[in-house]
Amino acid sequence: MNLAYFYRQLYQWWEHNKRELPWRETEDGYRIWLSEIILQQTRVQQGMEYYHRFIERWPTVADLAKAGEQEVLREWQGLGYYSRARNLHKAARQIVESAPRQGTKAEGQSLFPRTFEEIRALPGVGDYTAGAIASFAYNMPYPAIDGNVYRVVARLKDCAEPFDSSSGKKLFHRYIDEMLDRTNPRLFNSAIMEFGALYCTPSLTDSETGACVCERCVIKEVCKGYAHHTAGLLPVRKPRPTLRDRYLNYRIYLSGEKGELHTLIHQRKEKDIWQHLWEFVLEESEQGVLPVKGQTRFVDINHVLSHQRLHTRFSVLYVEQLPSIEGYRAVPLASLDEYGMSRLTLKALDQLRATAGLRPL
Ligand code: SF4
């Protein structure tokens with residue numbers, strides 16, 4: 001591939017098409033790290049709101065380290081994949097604790113690590129995120145290979161090897177290593193990721209005209225997938241694992257006078273989904289969601305995670321007295337906002353609140 005030509009074309013496209021995003025206006029490692037963690041599994045538009053909220057509340061990594069884990073989880077509410085928030089908080093504490101030993105940074109200055117190895121060692125940071133932070137914040141020559149980059153490279157190279165297999169990963173890393181612009185890693189990583197996100201998309205279709213975008217692509221001259229008419233079939237993934245079905249029956253017990261209702265919740269401790277989040281009384285069953293005797297209202301929500309398909313039923317039960325169940329605590333219904341809960345639980349609450357007769361739930 002003629003790399004000089006490729007860079008020139010790609011960078012011109014970037015200049016004309018890039019989105020103005022707040023984390024692109026900074027070289028502060030903390031802010032870039034925060035944006036990268038938020039954007040894992042989250043769309044840019046939704047992530048932006050959370051990014052601003054976090055920065056406003058915790059402007060530095062030292063501020064984030066001082067926060068309590070529950071505070072961080074609450075601020076994260078609605079984004080899902082809560083292990084990201086827990087790792088964020090854990091990493092912030094780790095950074096602050098190790099800073100004095102490094103003997104170079106005082107509080108108030110940026111404590112965020114400055115080498116790839118230190119960044120990669122943070123909880124919740126994999127190769128992609130470490131490469132993105134090292135290149136965006138410090139312009140270091142590390143690739144940042146996200147799904148968009150895999151797609152563009154698979155097409156440029158006409159590579160049908162599954163990019164998520166171990167041999168495929170090695171091959172793609174070699175391709176990207178050969179392609180990386182070592183004099184401008186920040187620009188290269190930003191441009192190729194944006195090109196994949198906005199132009200060389202999975203459908204390859206212009207959203208306005210419905211035409212294939214390849215004909216007008218600025219790098220089609222160096223694209224083997226275009227030349228061989230295979231671009232639309234790429235990239236290739238390895239076959240997906242079969243999903244495990246789980247049936248989660250939640251009981252929302254309510255007791256007390258209207259306006260002073262109490263309910264039962266507990267914190268999930270097991271190494272499982274939603275670890276450390278709070279939830280209502282749970283009974284997991286093997287065969288399906290269960291009917292509950294005496295229930296007045298329920299909502300069913302199905303949700304697919306990477307390896308599991310969750311079938312949930314949230315049933316509301318008004319009772320004289322809350323049952324005593326080991327591990328559960330009685331809390332005022334009005335205080336639920338103080339407890340970090342999964343996005344699915346919040347969705348169920350929203351749906352129940354919208355149902356006549358269930359206020360003030
Ligand atoms: S020619 Fe098509 S497949 Fe190739 S890089 Fe351009 S948009 Fe992507």
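1. Two strands pair if DSSP finds at least two bridges between them. Strands are DSSP runs of E, at least two residues long, and helices are runs of H or I of at least four, numbered from the N terminus. On that basis, an open sheet of 3 strands has the order β3-β2-β7, with antiparallel pairing. β3 (278–279) and β7 (329–332) are at the edges with a single partner strand each, so one side of each lacks a neighbour in the sheet.

2. This is a predicted model: local features need pLDDT of at least 70, side-chain atom pairs count only at pLDDT 80 or more, and totals for chains, interfaces and linings use all residues. Residues are numbered from 1 along each chain as its sequence is written.

3. Strand β2 (residues 262–267) runs antiparallel to β7, joined by 4 bridges. His262 stands opposite Pro332 in β7.

4. Helix α9 (residues 147–157) and helix α11 (residues 185–198) have axes that come within 8 Å and cross at roughly 85°. That makes α9 roughly perpendicular to α11 (65 to 115 degrees). Axes are lines fitted to C-alpha atoms, for helices over the stretch in contact, with angles from 0 to 180 degrees between N-to-C directions.

5. Asn148, Val149, Arg151 and Val152 in α9 meet Ile192, Met193, Phe195, Gly196 and Ala197 in α11. Contact requires C-beta atoms, placed from the backbone, within 7 Å.

6. Helix α1 (residues 3–17) also meets α11: the axes come within 9 Å and cross at roughly 70°. α1 is therefore roughly perpendicular to α11. Contacting residues in α1 include Trp13 and Trp14; those in α11 include Ile192 and Phe195.

Conventions:
Parallel < 35°, antiparallel > 145°, perpendicular 65-115°, else oblique. Contact = placed C-beta atoms within 7 Å.
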